[in-house]
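The sequence and the model are shown first.

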Amino acid sequence: MLGGDQEPGNYYVGVDVGTGSVRAALVDQRGILLAFADQPINQWEPQFNHHEQSSEDIWAACCVVTKQVVQGIDVNQIRGLGFDATCSLVVLDKQFRPLPVNHEGDAHRNIIMWLDHRAVSQVRRINETKHSVLQCVGGVMSVEMQAPKLLWLKENLRETCWDKAGHFFDLPDFLSWKATGVTARSLCSLVCKWTYSAEKGWDDSFWKMIGLEDFVADNYNKIGNQVLPPGASLGNGLTPEAAKDLGLPAGIAVAASLIDAHAGGLGVIGADVRGYGLACEGQPVTSRLAVICGTSSCHMGISKDPIFVPGVWGPYFSAMVPGFWLNEGGQSVTGKLIDHMVQGHAAFPELQAKATARCQSVYAYLNSHLDLIKKAQPVGFLTVDLHVWPDFHGNRSPLADLTLKGMVTGLKLSQDLDDLAILYLATVQAIAFGTRLIIEAMEAGGHSISTLFLCGGLSKNPLFVQMHADITGMPVVLSQEVESVLVGAAILGACASGDFASVQIVVKFEEMQRTHETRNQFQDAVKENSVERQRGRNTK
């Protein structure tokens, strides 16, 4: 983010709500992250495939981390605030109080998380309608989207939740409302997860067809009838109450929000790569695929004209970068799958003990252990007899089949640390092959992709990045600033402040201060920058 005529010393705050934690950053007008803080948040799984959180818990965590990152600076120099979050469903009553999304009646748990799969029968019925709005979600709606979750609430919690509900927010929009009192929704949230059209608005016939005609009757008041582009300034800025909670000045600009993956895409896809000898230097931004990889992975490609790709969400107009169409592929579990495979192995206690003794994360230890056992062969060949099918939580793209399950072939009776390391490698490779499958589907649909731009927690893992380069056959570009999602959130605040005329201008001038073309250069680059890259944070 490079400035125009701004005075030096302007700051922006970005807040990112992920699956397991809330993070905040203080970013200057050059896009440099000056301070970082994170805070874990609670999750509940009352039964299999039901995943819930608390909006009160999340807002409290936002306040903690924001106060931490602005310590020691003149808060009057903070010009804007931007939020991003997972696309989880927040339910409030008519007085904006939490309502229960569970059979236990616990109103504190008022969020159905993005990865929740309770609405399987509802999404199947929605897809059976073959309604035209499904064309813009790859032809098949995902159980992770909001319409099936809303229908589940109506059919299962009519008295305790549905009849009392006054507001259904996507989590990013809840945060911007909490900060400003403005109930306007972000175009990003509504277009990507709620079937809203940037060109046509809501489609009454869809909601009537699936049994949610309630929203049509009240002019969509409960789910949003005022829609703003990401980065637009909301109302009169930060309210005095929210300002006190967050430790920021009242009245500073607050931006219409983004979904977390889209903030990551915004943070990297416009990066300046001139001077590094990369093949993508002379290519248009539409040749880039932003891969935001954390608990799950999202694959964000943009185009000047709409491209319809079966099994890949979109095309969504202006949902991430204004004026461009977005296609969004994804894998339902990636970081969560790696954790599941590693932590469930018999050798995990041994791994934990050895990693702790070396003051390493378990994944840093596994990476070094793979280097030890690979001998003269490339590390990838260690899995010649072991293979993982990674759809343990269904397939989001491009097969769009939530009923798919995971599989491991080539298991033997041994369960030592070598076996755990090779299973970990096979899981990472399976995820990379999933990315390759998504790229092939997008290219078959009309995209022309030449370079991957990775960000998110897994992009801090050298093995994960290397396998993506090897398996896709494409160079991988990383930013020296690994917290691209937070930079994306701060870009929103910068735009809302008026210091930049539009999100596009901020992205145009965003500086990637250092890039690396993965393959031969990557391992050396990681070693050179390991201290700076890790900054004391373990690989996720």
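Strand β13 (residues 288–293) pairs with strand β19 (residues 451–455) in the parallel sense, over five bridges. Strands here are DSSP runs of E of at least two residues, helices are runs of H or I of at least four, and both are numbered from the N terminus; two strands count as paired if DSSP finds at least two bridges between them. The model is a predicted one, in which local features need pLDDT of at least 70 and side-chain atom pairs count only at pLDDT 80 or more, while totals for chains, interfaces and linings use all residues. Residues are numbered from 1 along each chain as its sequence is written, and side-chain values use heavy atoms, with hydrogens and water left out.

Ile292 stands opposite Cys298 in β14, and a hairpin of three residues connects β13 to β14.

These pairings belong to an open sheet of six strands in the order β15-β16-β14-β13-β19-β20, with mixed pairing. Its edge strands, β15 (313–317) and β20 (476–477), each pair on one side only. Helix α13 (residues 417–445) packs on this sheet and touches β13, β14 (297–303), β16 (325–331) and β19. Contact means heavy atoms within 4.5 Å. The direction of α13 makes about 150 degrees with that of β16; axes are lines fitted to C-alpha atoms, for helices over the stretch in contact, and angles run from 0 to 180 degrees between N-to-C directions.

How many residues of β13 are buried? Six of the six are, so β13 is largely enclosed by the rest of the structure. Buried means under 20% relative accessible area, exposed means over 50%, and partly exposed lies in between (1.4 Å probe, protein chains only).

**The four-stranded sheet**

Another open sheet has four strands in the order β4-β7-β6-β8, and its pairing is antiparallel. The edge strands β4 (52–53) and β8 (165–170) each pair on one side only. Strand β4 and strand β7 (residues 111–112) run antiparallel and are joined by two bridges. In this pair, Glu52 stands opposite Ile112 of β7.

| Helix | Strands touched | Angle between directions |
|---|---|---|
| α3 (residues 146–156) | β6 (89–93), β7 and β8 | about 40 degrees with β6 |
| α4 (residues 171–180) | β6, β7 and β8 | about 110 degrees with β8 |

His262 is found in helix α9 (residues 260–268) and is buried, with a relative accessible area of 0%. Leaving out residues up to four places away in sequence, His262 touches Cys188, Cys192, Met300, Ala319, Met320, Leu326 and Glu328.

Cys192 is in no disulfide; a disulfide is a pair of cysteine sulfur atoms within 2.5 Å. By this rule, the count of disulfides is zero. Cys188 counts as buried at 0% relative accessibility, and Cys192 counts as buried at 1%.

**Ser205**

Ser205 lies in helix α6 (residues 204–209). Is Ser205 buried or partly exposed? At 36% relative accessibility, Ser205 counts as partly exposed. Its side chain makes a polar contact with the side chain of His131, at 2.8 Å. A polar contact is a pair of N or O atoms within 3.5 Å; within protein, one must be able to donate a hydrogen and the other to accept it, and residues adjacent in sequence count only if both atoms are side-chain atoms. The C-alpha atoms of Ser205 and Ser132 are separated by 9.8 Å, and the two residues are 73 residues apart along the chain.

**Annotated domains**

UniProt, in an unreviewed entry, lists "domain: Carbohydrate kinase FGGY N-terminal" for residues 11–267. Over residues 11–267 the chain is 30% helix and 21% strand, with end C-alpha atoms 16 Å apart. For residues 289–496 the UniProt record, also unreviewed, gives "domain: Carbohydrate kinase FGGY C-terminal". That stretch, residues 289–496, is 40% helix and 18% strand, with end C-alpha atoms 26 Å apart. UniProt positions are given in the numbering used here, feature names are shortened, and annotations may be inferred rather than shown by experiment.
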